[in-house]
Amino acid sequence: MLTHFIGGQPVAAGKAFPVHDPVTGAVVRQVHEADPEVVDRAVRAAREAARDWAAMPVGERAGWMRRLAEGIEARFDDLVAAEIADTGKPLEQTRTLDIPRGIANFRAFAEMAAQRPEDAFHLSGMLSYTVRRPLGVVAVIVPWNLPFLLMTWKLAPALVAGNTVVVKPSEQTPGSTAVFAELCAEAGLPAGVVNVIYGYGSAGQLLVEHPGVDAVTFTGSTGTGTAIMKSVADRVKPISFELGGKNAGLVFEDCDLDKAVEGTVKSVFTNGGQVCLCTERMYVHRSIFEDFCARLAARAQEVELQPMISAEHREKVLSYYALARSEGAKVLAGGSVPVFGDHRDSGYFVEPTVVTGLSEWSRFNREEIFGPVCHVAPFDSEAEAVDLANGSEYGLAATLWTTNLDRAHRVAQRLEAGLVWVNTWYLRDLRTPFGGVKLSGIGREGGTRSLDFYSEPTTITIKL
Ligand SMILES: O=C(O)C(=O)/C=C/C=C/O
């Protein structure tokens with residue numbers, strides 16, 4: 001039974017709720033659900049720890065980040081097992097991406113915080129400089145698709161900047177965060193610096209609304225993001241949002257077709273397509289359209305299957321498969337549910353799917369599906385490709401496949417997205433700004449952007 005982690009102690013309070021293994025549908029663990037009293041205790045614990053944690057020299061906090069990275073290394077296998085139990089992720093991906101990124105996140109922000117320069121300006125007769133103070137207590141609301149990667153992506157900068165946190169993982173994927181709470185205690189992290197509570201969106205709502213919470217960071221659906229915004233608007237709390245996407249991929253006739261196909265397989269089907277950065281709209285130059293479609297459809301039938309996170313999410317993805325057919329799509333691969341003939345038939349699997357032939361105005365091409373699926377359409381000119389890619393209310397990520405360097409720069413700079421990958425996907429330098437435009441979010445994470453969000457500058461000007 002997973003207990004909350006408050007003030008460095010396990011807290012068994014609140015009614016129990018089950019977590020299902022998406023591979024088989026079986027209950028994999030029971031978890032305590034935070035009620036208002038638990039939420040209040042967690043925020044108070046974070047508040048009590050905030051003063052001493054903020055007063056600690058940043059170099060010492062950076063040392064704590066390195067110790068947490070070592071703690072993750074020490075509990076690596078437990079974290080992998082917990083993450084897979086809750087998500088059904090492939091072992092290879094969990095061991096090479098999800099958990100290692102937790103180590104990288106803590107180490108990267110330890111270095112960036114310890115070396116971060118401050119502003120100083122000198123004019124005749126005056127000297128101005130800035131100092132930065134942490135926000136205080138930060139609510140960290142984490143989604144179910146990359147639970148450990150995203151929780152640590154937010155905690156590392158928040159903590160090293162001097163904030164204390166209350167983390168609420170998704171009700172569907174609490175396991176790896178529970179192991180992380182244990183390793184915080186094992187590392188001797190001061191009590192109350194990291195607090196973890198479990199529950200549904202209602203617990204998240206109680207947390208973000210709590211008057212003791214000074215800021216909110218959230219990655220997840222645009223719908224939940226707007227609900228959080230409304231909840232904190234009257235207190236004007238700082239918010240950092242990385243929300244949904246309907247990401248486009250552009251394949252030009254001068255691309256390396258092998259790399260474009262393999263890169264698109266990754267960007268469409270990784271994590272079962274359950275990554276906000278995944279591609280759901282492909283646009284391919286007409287001269288290579290048929291060849292590209294045939295190769296992508298063939299590869300779609302070979303990728304390792306990953307279940308959707310829940311029965312409800314699988315129904316949502318399947319509803320878009322049915323919608324595509326009803327809107328007249330041509331299904332090039334997948335479109336249904338795989339039959340295994342074993343325990344996985346009671347899991348939440350869908351077939352990796354490729355469709356074509358739909359209008360740009362179809363719901364399929366306008367709405368985020370968040371599954372292993374994309375639509376492919378042809379284009380004839382570079383200008384048309386850019387307009388197609390930009391024709392979305394979202395603007396998180398895009399991929400661009402061309403061997404023409406001038407075109408790569410020209411097109412990348414015209415795409416209305418926060419992130420553009422050229423001849424690759426999801427290659428990450430953690431120092432770069434990370435986030436989206438339009439409905440894809442507010443603000444940027446990454447590098448000094450994260451450190452700036454988790455602290456407030458004071459500009460001090462002295463008359464000389
Ligand atoms: O790679 C990252 O730092 C990150 O934030 C990924 C977000 C993916 C969301 O679905």
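In this predicted model, a pocket is an open set of grid points with protein on both sides within 12 Å along at least five of seven lines.

Q: What volume lies in the second largest pocket, and what does that volume stand for?
A: About 510 Å³ of space lies in the second largest pocket. The value is the space filled by probe spheres set on the grid points.

Q: What makes a residue part of the lining of the second largest pocket, and which lie closest to its centre?
A: A lining residue has an atom within 4 Å of a point. The second largest pocket has 21 such residues, with Gln93, Leu97, Lys266, Thr270 and Asn271 the closest to its centre.

Q: Which helices each supply at least two residues of this lining?
A: They are helix H4 (91-115) and helix H9 (257-269). H4 gives the largest share, five residues.

Q: How do the residues of this lining divide by class?
A: Eight are nonpolar, seven polar and six charged. Lys266, among those closest to the centre, counts as charged because Lys belongs to that class.

Q: How much space lies in the largest pocket, and which residues lie nearest its centre?
A: The largest pocket holds about 690 Å³ of space. Its lining comprises 34 residues, and Trp144, Phe218, Gly220, Ser221 and Thr224 lie nearest the centre.

Terms used:
Residues numbered from 1 in each chain as written. Predicted model: local features only at pLDDT ≥ 70, side-chain atom pairs only at ≥ 80, totals over all residues. Heavy atoms only, no water. 1 Å grid on protein atoms, 1.4 Å probe; cavity = no way out; pocket = protein on both sides within 12 Å on 5 of 7 lines; lining within 4 Å. Helix = DSSP H or I, 4+ residues; strand = E, 2+ residues; numbered from the N terminus.
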